Amino acid sequence: TRQDLTGLFTEKPQSGEVNVGENITFVAKVNAESLLKKPTIKWFKGKWMDLASKSGKHLQLKETYDRSSKVYTFEMQIIAAKPNFAGAYRCEVTSRDKFDSCNFELAVHGERACWYMLDSFSTDGKEDSGELDFSTLLKKRAVQVSTEPDLDVWDILSHAPSSEYEKIAFQHGITDLRGMLKRLKKMKKEEKKSAGFFPQKMDPAYQVTKGHKIKLAVEVANPDVEVKWLKNGQAIQPTGRYIFESVGNMRYLTINHCSLADDAAYCCVVGEEKCTTELFVKEPPIMIVKNLEDQMVMKGERVELECEVSEEGANVKWEKDGVELTRDESFKYRFKKDGCKHVLIINEATKEDCGHYKVKTNGGESMAELLKLYILKLYTPPVCVCVLKAKDQALFKCEVSDENVRGTWYKNGVEVKPDARINITHIGRIHKLTIDEVKPEDEGDYTFVPDGHAFNLSAKLNFLDPPKIHLDCMGRTAESTIVVVAGNKLRLDVPITGDPAPTVIWTKGEKVVTDGDGRIHVETTKGHCVFTIEGAERQDEGIYSVVVRNPAGEDTADINVKVVDVPDPPQAPRILSVGEDSCVVQWDPPLFDGGQPVIGYVLERKKKKSYRWMRLNFDPYPDTTYEAKRMIEGVEYEMRVYAVNGIGLSRHSSASQPFVPIAPTSEPIGLCVDDISDTSISLKWRPPERIGSAELEGYGVEYCKEGSKCWSHPPAYEWIPAIQGLTDRTSLTIKNLTTGDKLQFRVRAYNMAGPSVPTTLAQPVTIREIMQRPKIWLPRNLRQTLIKTVGEIVNLVIQFQGKPRPKVTWSKDGELLSPTFASVRNSDTDTILFIRKTERKHSGKYELQVQIENMEDTASITLQIVDLPGPPQALKITDIWGFNVALEWKPPKDNGNCEITGYTIQKADKKTMEWYTVYEQYRRTNCVASDLIMGNEYVFRVFAINLVGLSPEPCNTADSAYIQKTGIEYKPPTYKEHDFSQAPKFTHPLVNRSIIAGYSTTLSCSVRGMPKPKVTWYKNKMDISNEAKYRMLSKQGVLTLEIRKPCMFDGGVYMCKAVNDSGEDIVECKLEFGLFSFRLVIIQKNTHTQKKPIQINRAIQIE
């Protein structure tokens, strides 16, 4: 959002007027007294063109600062004004969250009107581009010399007839008629030419920031035309920075990483046509990243003022107290550039060099102050005086830069007064403090403070004390061992004493431990030496020695450090067995226990296709074999294990091999004997009630003979397989058995987990055939008459039983069935009667006999074959009265082998002969037709109905019934018959189409005409009526031509021609193969963090 206007201007630029060739200056003033930061000003031409980068021959921008009034003055000077400089200008000033803006106008007088007229009537039509870079963007405006509205003479002439040219020229003061006619002719030619080559031109100008990318787009009329791009009249070659694109009718020039060299005029050329634009590259302002810092300096020292800018190689300006600095003859000031860093160097600083130094860029400035101070120089003893015994002498000595500077000595902040032991002297620039026969109470900090200066130097007086290490855990016993967990921070804080402070050396074995490793830190403070290891590791375990030394002696101590860690991960677990919802897993202990005994294990499992592990136990499990339960049968799982010791959990082991919990199915059910003979037996059973998630692989059938070892105690190996392998059926016939053997049978279901629990017969079976009385199982639907229509199929399946296999006999009406009359197929348990196509003769009573020796069973089936009935007979009109007619008829001779269920009576007017139903399902053989219309003559017909349907033919009345009129007879007038004939005319024409190859398309139009016209389709004036690729449709006057899966050769001109006796009409269209288009919207983020959509139209041709 734009900041609010805050009235920063104390003086705003005013609108002005200037003659051509003269100079004009616009001034803006800003009061910076209340501003925290220097204001930034921008000058604009029009709404958006920034003039900061356009400084040059005709434009100068200046700024000055008055320190006394704290007012910034900004000037914009236009030199040698030209007519195209006229227009609206804007000045904007910004300072942090404050903003102000001012608009003003510039009018250019003098030769402008003459220049405009010469331009208007010039025969070449070219405009003067001016000398400023932005001249092509400034609109040329004629001086308004009258209050009448502007009239475009050329627009009037271009729309007027040639006979009016002289009159219009006279009215508007045009005297060069020949030049006027030449320009008009050229204008019309250029308009026609431009419309043909550039339907969409580029904007007059574009602006881009240095280092950014810009894309110039122009649309051409012909998608296949070649274009050439020029830069300042020179052809551009495609490189990594210049990219040419051609997409349909659009031509693009992309310029990557724009530099100042790309600020030029660009032109797209097609033949003799040109489309020109101008690109302005705006250089971003140079910002100061690191500001100058205030410095204090001593006379004669070297001074370096350093700043850092946002871009390498940028130009900066140095000022001292508002005066620009340059390299003088003595090289007092030196300017140094190092990438983005800029340094001002002052050799041998003097008092005159103190002041305010400023560095400026076009994007900001930074200021620092240089101060001169008197610096003290301290001589021996340095920092501290070490005294081993009393009655020694301590001497403090310092030097100042000026011998006139006096000062005061302090001890621990208290002024030192001279006495018999303490002597204070000042000779020249040297100040001395001497203490004779030093005592313990003389120990402390001694400071010299010069008068009038906020600066001092200190020294300390101490007595010597031998170093001593104070530790309770020294040695290498278990009680003195320091235990640290791996990954934790190890901090050994060793108390030490000694004066002066001793130096500390840490060693491990023969190696001195220093801060070289990023994890290890050695620090010495007053009374302590600290040894720290960040994130202890196993290799950090061992004996550490600390040695403290000072001039009075040394002391040594050993510290035993033990690093304990979580154990290594166990080996990959192994799956020993699986159950329905469980498994047994086993693993090996970890190779290293981490220095602490392993107290147990934690197990996790997950589904193979999942990423989520689920913990199985929360308390450590002590053994290395575990039974995991509550799993889902049929789902693939993986297992992994963690080891646990007193420190914590190890990393997890690698996952086990995937496994699937599966249980055997339940036992098959319903095992029974289906059939038995002297050498075979047939068994049947039903599938298990629970199969589980694994697929059922089959059934295994086994038997055991009476008297074998397995009879009373049947182990698995005593059972004899009845077949090799498994059977997938639920029944099995076992053959080649010994007659008289007593056998026990069992069946087991198999899946991936193995066999199920077996199911056995209730009792053993003796292999011997059993006599069974014959019995026919007649279906319920065959116990009543079976009705079939003529031509239908009859397929009767009737089950029976009996052993041995019974003899089956079919007969009809007491006679055996002939194979040509009906087909019969028999098996051990059923018989089939099959008639492929029934006829009326197949009706009757069929008898089935099943016989075993002197035992038999019979069943009868009645079959009725029905057909449509014949027509009724002797339909006649028995009476006519009023609006009623009485009818009577006789039943049909052929009832279709079934009962007549009714009749359908219909009537028809003799004029139209359209039949209407009077009665349906009428059961009697006479009826009365009522509500007839007088004056009409009617005929009647009757259909017979049975179970199959209506009779194929009706019975019609021989005579008609005329309903007499009553009252006056009406004679209708006669009229001349209207001629409805009309020549064909297309009410909806064909439309030009652009289609895609391979996709069927249609062309549609509509036509009217009387009589109905004949329609013919043509392609490129060739008749296509008989070509299989085209399908012509006509419905309610709408004509459609369907082209099936067109190819590129089907393009052309299609014509539809309609002809009748009254005339003809044609309509045509053009069919071509076109383009897919889409629009891509790119959101570009500009420098003001505003998102600006850029639309790019593209087209893709699909062949």
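A: **Confidence first**

The protein averages a pLDDT of 82, and 86% of the residues score at least 70; pLDDT is the predictor's confidence in each residue, from 0 to 100. This is a predicted model, and local features need a pLDDT of at least 70, side-chain atom pairs count only at pLDDT 80 or more, while totals for chains, interfaces and linings use all residues. Residues are numbered from 1 along each chain as its sequence is written, and side-chain values use heavy atoms, with hydrogens and water left out.

Two stretches need care. Residues 1-5 stay under 50 in pLDDT, and the model gives them 11 contacts beyond four places in sequence, a contact being heavy atoms within 4.5 Å. Residues 111-149 also stay under 50, with 62 such contacts in the model. Where pLDDT is low, the predicted coordinates should not be read in detail.

**Charged pairs**

Side chains of opposite charge can pair when their charged atoms come close. The salt-bridge rule here asks for a side-chain nitrogen of Lys or Arg within 4 Å of a carboxyl oxygen of Asp or Glu, and by that rule the count comes to 41.

Take Lys282 and Asp50: they form a salt bridge with the closest N and O atoms 3.5 Å apart. This one links distant parts of the chain, with Lys282 in strand S17 (residues 273-282) and Asp50 in strand S5 (residues 49-50), 232 residues apart. Strands (E, at least two residues) and helices (H or I, at least four) are DSSP runs, numbered from the N terminus. As for burial, the scale is relative accessible area: under 20% is buried, over 50% exposed, and partly exposed in between (1.4 Å probe, protein chains only). Lys282 counts as partly exposed because its relative accessibility is 25%, whereas Asp50, at 8%, counts as buried.

Arg90 and Glu92 make another bridge, at 2.9 Å between the closest N and O atoms, and both residues are buried. Glu92 belongs to strand S8 (residues 87-95), and its relative accessibility is 9%.

Asp894 is partly exposed at 34% relative accessibility, and Arg840 is partly exposed with a relative accessible area of 34%.

Some bridges join up, too: Lys38, Glu63, Lys358 and Glu365 are linked in a network of salt bridges.

**Rings, and charges over rings**

Over to the aromatics. A search of the whole structure finds 18 aromatic pairs. One of them is Tyr65 with Tyr72, a tilted pair at 4.4 Å centre to centre with 35 degrees between the planes. For the terms: rings of Phe, Tyr and Trp (its six-membered ring) pair if their centres lie within 6.5 Å, and planes under 30 degrees apart count as stacked, over 60 as edge-to-face and the rest as tilted. Tyr65 is partly exposed at 32% relative accessibility, but Tyr72 is buried at 8%. Elsewhere, Phe26, Trp43, Tyr89 and Phe104 form one aromatic cluster.

The rule wants NZ of Lys or CZ of Arg within 6 Å of the ring centre and within 35 degrees of the ring normal. Arg941 lies over the face of Trp915, 4.2 Å from the ring centre. Lys812 lies over the face of Tyr846, at 6.0 Å from the ring centre.

**One more side chain**

Thr727 sits in the loop between strand S54 (720-721) and strand S55 (731-734), and is buried, with a relative accessible area of 10%. The side chain of Thr727 reaches the backbone nitrogen of Arg729 at 3.3 Å. Leaving out residues up to four places away in sequence, Thr727 touches Gly698 and Tyr699. Thr727 and Gly698 are 29 residues apart in sequence, yet 5.2 Å apart in space, C-alpha to C-alpha.

Notes
Polar contact = N/O pair within 3.5 Å; in protein donor to acceptor, adjacent residues only side chain to side chain.
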